[in-house]
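Morning. I have one structure to go through, and I will keep it short. Please have a look at it first.

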Amino acid sequence: MINIINDTLQASIETKKSAIAENGERLVNAATLMAESLTAGGKILLFGNGGSAADAQHIAAEFVNRFQTERVPLASIALTTDSSILTSIGNDYSFEEIFSKQITALGQINDVAIGISTSGNSPNVVKALEAAEKEGMHTIAFTGKGGRAADMADIALTVPVGVTARIQESHILMGHILCDLVDRILFPENF
Ligand SMILES: O=C(CO)[C@@H](O)[C@H](O)[C@H](O)[C@H](O)COP(=O)(O)O
Ligand SMILES: [Zn+2]
């Protein structure tokens, strides 16, 4: 058991190192895009399934409440939390549309849509990125090796391994890095 724990730790460390090596410049570009959108009165909309739904909510909370320094609240919404919206769209239309309909309802030009999918191919995430593009929003995808979400997003933050849990661990690391970079761009006086 201890060996399994150590192997998991090692795999997580290695995956995070390669994710950061691969995505360094893209993280800077993503943070710059998000900061510019927020400065212009835009907002950041996040969505994903399962563990990625939790990541979407976690990152939105960092923006709306605070991250590591005191500052004004920043506009961000996770599209994974309203059970009435999710169940009515899922029940009346399809599970595939649970995020895209919310994007169409809430998204405005220059907002940033962030889709999180380890496979990169979850239909509801892909459809929401398509809807965001249609609305003139900027799009960012957090994915594993790639997939349709990565192909279509303005910026793809990829984690090229085959284990979902390892991908998710790198996603939340990159999410926290984005929160930090956005704060540093918008509130340099705090650092
Ligand atoms: O957290 C995990 C696995 O670690 C699961 O809940 C996982 O997020 C779910 O199976 C998702 O439905 C997978 O979707 P996706 O990442 O491929 O878009
Ligand atoms: Zn998980």
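Where does UniProt place the feature "binding site"? The unreviewed entry puts it at His58, Glu62, Gln168 and His176. Bear in mind that what you see is a predicted model.

I will take two of those positions in turn. Glu62 sits in helix α2, which covers residues 51-64. Is Glu62 buried or exposed? Glu62 is buried, because 20 other C-beta atoms lie within 10 Å of its own, and the cut-off for buried is 20 or more. If we leave aside the neighbours within four places in sequence, the contacts of Glu62 are Phe67 and Cys179.

Now His176. This residue belongs to helix α7, residues 164-186. His176 has 15 C-beta neighbours inside 10 Å, so it counts as partly exposed; that class lies between the limits of 12 or fewer for exposed and 20 or more for buried.

Next, the chain as a whole. There are seven helices and five strands. Read from the N terminus, the order is α-β-α-β-α-α-β-α-β-α-β-α.

On dimensions, the C-alpha trace spans about 50 × 45 × 30 Å along its principal axes. The radius of gyration is 16 Å, which agrees with the value near 16 Å for a compact globule, because that is what the rule gives with 191 residues. Of those 191 residues, 45% are buried.

Last, the contacts. Taking pairs at least 6 apart in sequence, 70% of the contacts join residues at least 24 apart.

That is what I have for today.

Conventions: Residues numbered from 1 in each chain as written. Chains lettered and ligands numbered in written order. Predicted model: local features only at pLDDT ≥ 70, side-chain atom pairs only at ≥ 80, totals over all residues. UniProt positions renumbered as here; feature names shortened; annotations may be inferred. Helix = DSSP H or I, 4+ residues; strand = E, 2+ residues; numbered from the N terminus. Contact = placed C-beta atoms within 7 Å. Rg over C-alpha atoms; globule rule 2.2 N^0.38 Å.
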